[in-house]
Amino acid sequence: MKRKVCLYMKTLCESVFFCVLIIGLCCTSSCKGKEDKSDGEQDLEKLAYTPQNNEVEVITLVRGPFKRQLLSNGKLSAKRKSSLSFATSGIIASIRVENGSFVNKGAVIAELDARTTSAALAGAKINLQKAELELYDMLVGLGYRARDTVSMTKELLESVKMQSGYTYAKNDYTRAVTDASMRYLTAPFSGKVADISQKVHEQSAGVFCTLINDTELTADFFIMSSELSMCKKGMRAKIVPFGATAADALYGTVTNINPTVNANGQVGVTATVKNNGALIDGMDVKVLIEEDIANQLVVPKSAVVVRDGMDVLFTYTEDGLSHWIYVNILAANQDSYIVEGNKDRGAQLSEGDMVIISGNLNLADKSAVVLKK
């Protein structure tokens, strides 16, 4: 019995020893993994702080023209545009076009039911014939031949026409003829039909449609009163639809400047542009007016950065270093600046300087740089 107990205790001790050994090996492996990961992270941090080559692009500074620009948002309107309505009321019998249809001047757009106007015209014609017979009877009674309207005086003839009712019947007939012709809605000029708001068999009411001739459009926009000196009639205006690229731009001419300033300190301006088929009435556009200023030091906007709350640019010298220069911005457009050296900071900028235009965001004075190939 003692022998069995001893064997059981020996087996139990061996099992505990192996368990402790396995746990120890696992802990050692885990610690080693942590040490390796920590070393890797340290290597990455060192790599992050490894000095990098500052690659830059440069241009040679020269004097040249600068396009001073006024940029505004505007809205296009067709130069010829008219709201069309029937001249008389009635039931719409037919509509011969649809929105977007092109019609020539004089073409019928829609017409009213002819039954009402036809009956009125027929009645007016009968009344006119009756009045005409009454007129002839009165002429005979006055001693003239029935159809003799030449030998009597003009005053007497007019009097007889009034007494016989001929004058009133003639006016009613003329009105009925006009009303009959008014059942047709025709185009006063050639253009596109838009905004048809009524349907066949409906009672005509108000504006039936809009007729637009958009071969030429106006762009209405505003500029600040302080910019008025930069905008004059006859100047070229660049017009770009929203969402379009500069390649889609059209060029028009400033045709009108409103001689008053509104409550927002703005002046209304109109430019006229010929349509190439891409513009439509009511479209929102960007309007750009440009004026050339000669003999300026011009740099891309990317060349100027802010340091210590001031505008600076960097020049490149053959020693491979960047040099920090304070500048004043004299004017700006969409992509360029007119610059000069900031004299208050003793800075000078001259033609022939190599100006860094990219890779300058993290530069300091006398940073080592290399030119991009």
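A contact here means heavy atoms within 4.5 Å. By that criterion, residues 24 or more positions apart account for 71% of the contacts in the chain with a separation of 6 or more. Before we go on, note that this is a predicted model, in which local features need pLDDT of at least 70 and side-chain atom pairs count only at pLDDT 80 or more, while totals for chains, interfaces and linings use all residues. Residues are numbered from 1 along each chain as its sequence is written, and side-chain values use heavy atoms, with hydrogens and water left out.

Let's start with the overall make-up. The chain holds four helices and 18 strands; helices (H or I, at least four residues) and strands (E, at least two) are DSSP runs, numbered from the N terminus. Of its 373 residues, 32% are buried, where buried means under 20% relative accessible area, exposed means over 50%, and partly exposed lies in between (1.4 Å probe, protein chains only). The chain exposes about 23400 Å², and carbon and sulfur atoms supply 54% of that area. Accessible areas come from the Shrake-Rupley method with a 1.4 Å probe; for residues, only the protein chains shown count as cover.

Now to the interior. A nonpolar core is a set of buried Ala, Val, Leu, Ile, Met, Phe, Trp, Tyr and Cys residues joined through side-chain atoms within 4.5 Å. The largest one has 23 residues, and Val299, Val339 and Leu349 have the most contacts inside it. At least two residues of this core come from each of β12 (284–300), β14 (310–316), β15 (322–332), β16 (336–341) and β17 (354–358), with β14 giving the largest share, four residues. Setting aside residues up to four places away in sequence, Val339 touches Leu297, Val299, Val304, Val327, Asn328, Ile329 and Leu349. There is also a second, separate core of 22 residues, which includes Leu217, Phe221, Leu279 and Ile289.

Apart from its neighbours within four places in sequence, Asp214 is in contact with Ala78, Lys192, Asn275 and Leu279. Asp214 is buried, at a relative accessible area of 9%. Its side chain is joined to that of Lys192 by a polar contact of 3.3 Å. Such a contact is a pair of N or O atoms within 3.5 Å; within protein, one must be able to donate a hydrogen and the other to accept it, and residues adjacent in sequence count only if both atoms are side-chain atoms.

Leu157, Val160 and Ser164 are buried. Seen down the axis of α3, these buried residues fall within an arc of 65 degrees, so they line one face of the helix; the arc is that of the directions from the helix axis to the C-beta atoms. On the other side of α3, Lys154, Glu155 and Gln163 are exposed. Gly165 follows the helix, with a positive phi near 85 degrees.

Two residues other than glycine also have positive phi. For His201 the value is near 80 degrees; His201 sits in the loop between β7 (191–194) and β8 (209–224) and is exposed, with a relative accessible area of 67%. For Lys366 phi is near 65 degrees, and Lys366 lies in the loop between β17 and β18 (369–371).
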